[in-house]
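Please examine the sequence and the three-dimensional structure shown here before reading on. The paragraphs that follow lead through the chains and then through the place where they meet.

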2 protein chains.
Amino acid sequence: MMETKLNNDEYYMKIALSEAKKAFDEGEIPIGAVVVYKDKILARAHNQTELLNDCTAHAEMLCITGAMNEAGTKYLRNCTLYVTLEPCVMCAGALNWAQIGRLVYAASDVKCGYSQTGDLLHKSTIVEHGLMASEAESLLKEFFRKLRAK
Amino acid sequence: MMETKLNNDEYYMKIALSEAKKAFDEGEIPIGAVVVYKDKILARAHNQTELLNDCTAHAEMLCITGAMNEAGTKYLRNCTLYVTLEPCVMCAGALNWAQIGRLVYAASDVKCGYSQTGDLLHKSTIVEHGLMASEAESLLKEFFRKLRAK
């Protein structure tokens, strides 16, 4: 049977998780993201707020800018963004401007997630969540547990 | 009588407007911003979404990143951001993360301004608006009038 990566959400979420693990190893809050267009990865990134000393350097923001740079367009209408944690208000606002076609996030963020504020995304954006949420949450919990123990 | 720039909002808003004019001349939506800390300009920028092919390259975002880079900190607690148009949801989200001390915007944005969604800013942020709003609005109207005439 032929294996296909096409529309394989788990495949891409695993890549987002591997980005989150990179962040973990670098002492950054472990969140990772990937932007995919027709089975091609346009950008992958992890949170770099500490390294860059920049509160806007979230995985999603770096991924959106990277994907636009790669695609040569300021819209990501037919793209999917996979991210390990529900985007914040800033990132949701950016995804709205990008008119992202589809957003798939793993864990929900009951404190800072955009959905606490309302539906900030573009009306055409399809949203799915919960895929590999426990893996994403475990990584975050482990990070903050270690941080508190310091 | 000694002139002082200290706390001179009009002085800094004029600089934000001069940034907006640069954007106008470059065919970008004319919005400009400045971040000031203790009478020192940490960053000034104008909208560059077209040039950079990046929907996140708003004047405020470029200014926030620039100011953090200049200040070497990922918070802008004692800074003022001057911007010629009310920030959008994305930029308000970024200003929230930055914990900006004070936000002064000229024109209101009844369509895309963050205040349409709610109070997205940090609880400690002081907000003022309306300063030089007519100049900022005129520039935007002229830009869109020319754009439609093309």
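Through which surface do the copies meet? Of the interface residues of chain B, 100% are also interface residues in chain A, so the copies meet through the same surface. Contact here means heavy atoms within 4.5 Å.

Some conventions come first. This is a predicted model, in which local features need pLDDT of at least 70 and side-chain atom pairs count only at pLDDT 80 or more, while totals for chains, interfaces and linings use all residues. Residues are numbered from 1 along each chain as its sequence is written, chains are lettered from A and ligands numbered from 1 in the order in which they are written, and side-chain values use heavy atoms, with hydrogens and water left out.

Consider chain A. Its 5 strands form an open sheet with mixed pairing, in the order 2-1-3-4-5. Strand 2 (40–46) and strand 5 (126–129) of chain A each have a single partner strand, so one side of each is left without a neighbour in the sheet. From one strand to the next, the twist averages 15°. Helices (H or I, at least four residues) and strands (E, at least two) are DSSP runs, numbered from the N terminus, and two strands pair if DSSP finds at least two bridges between them. Strand 1 (residues 32–37) of chain A pairs with strand 2 of chain A in the antiparallel sense over 6 bridges. A:Val35 has A:Ala43, in strand 2 of chain A, as its bridge partner. Helix 1 (residues 9–25) of chain A lies across strand 1, strand 2, strand 3 (79–85), strand 4 (102–107) and strand 5 of chain A, and runs at about 30° to strand 2 of chain A. Axes are lines fitted to C-alpha atoms, for helices over the stretch in contact, and angles run from 0 to 180 degrees between N-to-C directions.

Chain B also holds an open sheet of 5 strands, with mixed pairing and the order 2-1-3-4-5. Strand 4 (residues 102–107) of chain B runs parallel to strand 5 of chain B, and 4 bridges join them. Within strand 5 of chain B, B:Ile126 stands opposite B:Arg102.

How are the two copies related? A rotation of 180° with 0.0 Å of shift along its axis superposes chain B on chain A, with an RMSD of 0.0 Å. The two copies are thus related as by a two-fold rotation axis. In chain B, the C-alpha of B:Met90 is the nearest to the axis, at 2.0 Å. Copies are superposed by least squares on the C-alpha atoms of residues with pLDDT of at least 70 in both.

The interface itself remains. In it, 24 residues of chain B are in contact with 24 residues of chain A. The area buried between the chains is about 2,000 Å², of which carbon and sulfur atoms give 69%; buried area is the accessible area (1.4 Å probe) that two parts lose on being put together, summed over both. In chain B, B:Cys55, B:Lys74 and B:Trp97 lose the most area to chain A, together 31% of what that side buries.

The rule finds 2 salt bridges across the interface of chain B and chain A, a salt bridge being a side-chain nitrogen of Lys or Arg within 4 Å of a carboxyl oxygen of Asp or Glu. The side chains of B:Glu50 and A:Lys74 meet in a salt bridge, at 3.3 Å from N to O.
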